[in-house]
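Work through the following exercises with the sequence and the model at hand.

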Amino acid sequence: MNSDGSGNQQVTNVGSSSYADNPSLSRDAEKIAFRINQGGSTTSINVINKDGSGQTTLYTAPSQTTVIGPSWSPDGQKIAFTHTFSGYYDVYVMNSDGTNVTNITNAFGSYDESPSWSPDGTKIAFKSNRDGNSEIYIMNEDGSNQTRITNNSAVEDKPKWSPDGTKIAFNSNRDGNHEIWSIRTLRLPADG
């Protein structure tokens, strides 16, 4: 749809036993990455042109695992997503053609999810409970330098970068209700 809510249209048709969710629009607004859940038995990360043509499956999760939440890199060359194994979650990155699928958090035993690329593509924000509580973290795009940036007893989730890279908005129940909060980040190197 257009930013004013007009012109909305259906672009997927996955049938009655499956559903499509978790859409992520590429920066150039030409493609949409999304997940297909086929009746709870198989999940995959897919890409489709903005008009609904050219649907392609990039990655299908192995049996007994799930993929969710694709997120485009700003240059459109990579897609980050969450992959679950045995009830635990890790952040993965792959090329936008589905090749070179790589686990970049490697924190078995925790829930690392909801990846969000920084505007310059050098960092990824994500949610993790590795320190005993759901907090917001930042890491380099290759998974190195994983750093917690929030420290609160509340549940904090679903980080999203501001266009200038100086803030991250996220969901938290710090005040007892699930609300949107933001935290200032260091300016990114590309910002000078």
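In this predicted model, a residue counts as buried when its relative accessible area is under 20%, as exposed when that area is over 50%, and as partly exposed in between.

**Exercise 1.** Decide whether Lys 127 is buried or exposed, and list its contacts beyond the neighbours within four places in sequence.

*Solution.* Begin with the location: Lys 127 belongs to strand E10, which covers residues 123-128. Next, apply the cut-off: buried requires a value under 20%, and Lys 127 has a relative accessibility of 10%, so the residue is buried. Finally, with neighbours within four places in sequence set aside, Lys 127 touches Tyr 111, Asp 112, Glu 113, Ser 134, Glu 135, Glu 156, Asp 157 and Pro 159.

**Exercise 2.** Classify the ring pair of Tyr 59 and Phe 81, and determine which strands the pair links.

*Solution.* The model holds six aromatic pairs. For Tyr 59 and Phe 81, the ring centres lie 5.6 Å apart and the planes meet at 40°; planes under 30 degrees apart would count as stacked and those over 60 as edge-to-face, so this pair is tilted. The pair joins distant parts of the chain, since Tyr 59 is in strand E4 (residues 56-60) and Phe 81 is in strand E6 (residues 78-85), 22 residues apart. As for burial, Tyr 59 has a relative accessible area of 17% and is therefore buried, and Phe 81, at 0%, is buried.

**Exercise 3.** Characterise the pair of Phe 85 and Tyr 92, and state which aromatic cluster the two residues belong to.

*Solution.* Phe 85 and Tyr 92 form a tilted pair, with 6.2 Å from centre to centre and 35° between the planes. Phe 85 is partly exposed at a relative accessible area of 27%, whereas Tyr 92 is buried at 11%. Together with Tyr 59 and Phe 81, these two residues make up one aromatic cluster.

Methods. Residues numbered from 1 in each chain as written. Predicted model: local features only at pLDDT ≥ 70, side-chain atom pairs only at ≥ 80, totals over all residues. Heavy atoms only, no water. Phe/Tyr/Trp six-rings, centres within 6.5 Å; stacked < 30°, edge-to-face > 60°. Helix = DSSP H or I, 4+ residues; strand = E, 2+ residues; numbered from the N terminus. Buried < 20%, exposed > 50% of the residue type's maximum accessible area, 1.4 Å probe, protein only. Contact = heavy atoms within 4.5 Å.
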